[in-house]
Amino acid sequence: METLNKLNRFCKGLLLAFLKGMEESTPLQRTVVGITIAIFFTAALYLRIAFSHDVVFGGEWVKFTGVDAYWHIRIVDNLAHNFPHLNYFDPYMKYPGGSLTSVNFPFFDYLVAGVIWLIGLGSPTQHTVDTIAPYFPPVMAALTVIPVYFIGKTLFSRWAGVFAAGLVAILPGEFLGRSILGFTDHHVAETLFSTTAVMFLVLALKTAKKEQISLAQLRHPTSSGLTKPAIYGLCAGIFLGVYLASWMGALLFVFIISGFLVIQFCIEHVKKTPTDYLCLVSVSAFLAALIVFLVFSQHRDTVAVLCMAVFLPVGLLAISRLMAKARLKPVFYPALVVGLGLAAFGILFAADRSLANSLLGHFEIFRWQKETTVSEMIPMLLSGANREFSLGPLWQSYGFTVIFGGVGFCAVAYAVARRWEAEKVLFIVWTFVILLATLGQRRFNYYLVVNAALLTGYVCWEMLRLVGINALAQARSVSAPERRKLQKSKKKKEPRQEPYQLRPGHAFVTLTVIGILALFTIVPYASLDLKGTGKARPVSVIDLSIETANLKPDEPRYAPPDAWMEALTWLRENSAEPFGSADFYYSRYQSFDYAAYPDAYGVTAWWDYGYWVVRVGHRPPSQNPGGVIRSVAEFFVAQNESEGQRILDEHGARYVILDYEFVIGKMHGAISATGHSTDEFYDQFVVETSGGERQLMTFFLPEYYRSMPVRLYTFGGQAVTPQADECMVISWEWRRLEGQSYKWVTRTETFDTYEAAEAWIASQESGNHQIVSYNPFVSPVPLEELEGFVLRFDSSVTKSASGKRLPQVRVFEYVK
């Protein structure tokens, strides 16, 4: 019993010290917080580097882990070699025609190339680029922990910021997936720059309101409390400027801040409180952003919007003062602002319709695109091939954070409705808009993770605060009168009362809170089949985070497989230089005339692989991930050699690269891009087995085998004659099953020759009959030899294909 009492007293003291330490601000606590943030920073780095290091650096080649990363690294290759001169145009990006570089939004590429140029002492090698560039995403993601902490601290409390910083470091989802080692794309920079801009804007608003700054104080800026708000506002503008210079869709945050200003001006005017501080902070931020952006770009839309944004708070302040001077009712202010805004946009639309339409186009991110084939543009709440409503993607990305974040959003919104603090209104507007964007396109999860972490950190802190509030009230230092009273009672030998006594309820609730916090890292919240074993298992946030960050060498996700690296290395070393010299890859293309390079040519591959062809192969592709070109995609569904050759001639292609993944899984993209339907090439039929079971099987049609990629990749361009029993004919009819219509196989016949199969179909008077094969590697129809193509390279990495092995990647030369 004595041991239990000692343990009880120890726990009392520990809990009391913890609760008091959480409330107070001492050097020790600040040190603990600093160490904690440093640990989160390190954890974020480790998670993003350790589990993908072998894929990036472990093989013969350095691999980047994002498709668009290869676009950026191609630009960085050239920019680091010619720093600070950025090519406006790049002939390697596409042939013919080339394409623009990141000249309109170049900051991220300048940042990467500039650091590499400095580390390389002005003459960086290819090895320097390959060694340094992969680390940018993890470092920038880890740095995001810092502004998240300060936003949480400023809006809620120091420990709410700590909780939020820890969550943003480890949460799975798009932010983690886009910030792993080698994913050298601008996405993580967007999150870092935008979050830092919001951090400084929150600090500026809170400080400006506290100091009660006004326009009249501009006469003596150094002595009127303007210094801090001005510095914070300028810093917000600087980071907003570099954010705008990094991504073409960055006007999203200008719209967010502008929307906040309109709402807050309306609130302050209706409450009859000064609005000068809003004008001063926002003008300084927008003006700084405009100046910074103009250093890197003169993009029309962004410059126009920033100019309008600079004058927006001035106009809102002027309207407020004029209405106050005219003694108009404050409730008319919102209606007048909205009316004048619509009128201003109408004038803009009449004066420059193209600019107005272009600005409206930025709001397309909020539109649900159910039919898109681009995975990152699929709405967040739609899942599966049929795009059915599902909470699964949201739950898998956030887990219990969804619930805690929702509760936090409602709690903050309620607090805003009571006090209308400007910094919290900004937070609510920011969170709401990002949530709408994420629901429209799941890619914006890499923004929403910050808001989700902040809201969850806020809820965690509030729970701890509510648990400890009564305990702390009892445990505070005894006041002087109370101390004298206690001393008198001591003289009378009255029993001394403890200033604090830990109650069982406090311990219970505290343990509950600790248990809830464990949900985010330990307790399973989803049941998934992560390893493809067919058996689902419970997973936690840590499980999903590691699974997201863990790239497997044999399945490197968006990094090119070894087979592609082999093929493109062979292409670079063994094919003719399209522009005469290998050094041309690093040249400055101030002016470019294709007529000066009559031997130039392109490489035709599916658009997913275009940037790999550029950066690894140093050859221009016929199309790239910037957008599928229908006329090029026609090659991948062409039904005869003459049509395929016509398309290659039209695009000046000399080589064709095909892989196993396209023939087996990605061909539907080419079919869709050319306006065809997949059921022209393959279709699903219900088949009844001998045991009476029903199976949905895929059968491949003659058009599939006659397509150019199948004839080249699967059969090497050789002639094919179906063997005995390889010609199958199915008879089918439409039937309904469980409310859906299916093609139902009613009869199956096999023939020794294709001619016999055709003759049998011709002899049938009615019904649906089709020559098919269930094996994509065995053709039921004869194929002629392709005379204009020569197989030049097969990768050493192979794939299983119906009992035989096929090279994963094959390179053909078009020799006409």
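How many of the 816 residues of the chain, as a percentage, count as buried? In this predicted model, whose residues are numbered from 1 along each chain as its sequence is written, local features need pLDDT of at least 70 and side-chain atom pairs count only at pLDDT 80 or more, while totals for chains, interfaces and linings use all residues. Side-chain values use heavy atoms, with hydrogens and water left out.

**View 1. The whole chain.** Of the 816 residues, 51% count as buried, a word that stands for under 20% relative accessible area, with exposed meaning over 50% and partly exposed in between (1.4 Å probe, protein chains only). The secondary structure comes to 31 helices and 17 strands, where helices (H or I, at least four residues) and strands (E, at least two) are DSSP runs numbered from the N terminus.

**View 2. Helix α18, residues 401-419.** The end C-alpha atoms of this helix are 26 Å apart, which agrees with the 27 Å that its 19 residues should span at 1.5 Å a residue, the expected span being 1.5 Å times one less than the number of residues. Its buried residues are Thr 401, Phe 404, Gly 405, Gly 408, Val 412 and Val 416. They lie on the same side of α18, because they cover an arc of only 105 degrees around the axis, taken from the directions from the helix axis to the C-beta atoms. On the other side of α18, Cys 410, Tyr 414 and Arg 418 are exposed. Trp 420, which follows the helix, has a positive phi, near 55 degrees.

**View 3. Helix α4, residues 69-82.** This helix of 14 residues reaches 20 Å from its first C-alpha to its last, close to the 20 Å expected at 1.5 Å a residue. Helix α4 is mostly covered, since 13 of its 14 residues are buried.

**View 4. Arg 810 in strand β17.** Arg 810 belongs to strand β17, which runs over residues 809-814, and is buried, with a relative accessible area of 9%. Its side chain is joined to that of Asp 794 by a polar contact of 2.9 Å, meaning a pair of N or O atoms within 3.5 Å, of which, within protein, one must be able to donate a hydrogen and the other to accept it, and residues adjacent in sequence count only if both atoms are side-chain atoms. Leaving aside residues up to four places away in sequence, Arg 810 touches several residues, including Val 656, Leu 712, Tyr 713 and Phe 793, where contact means heavy atoms within 4.5 Å.
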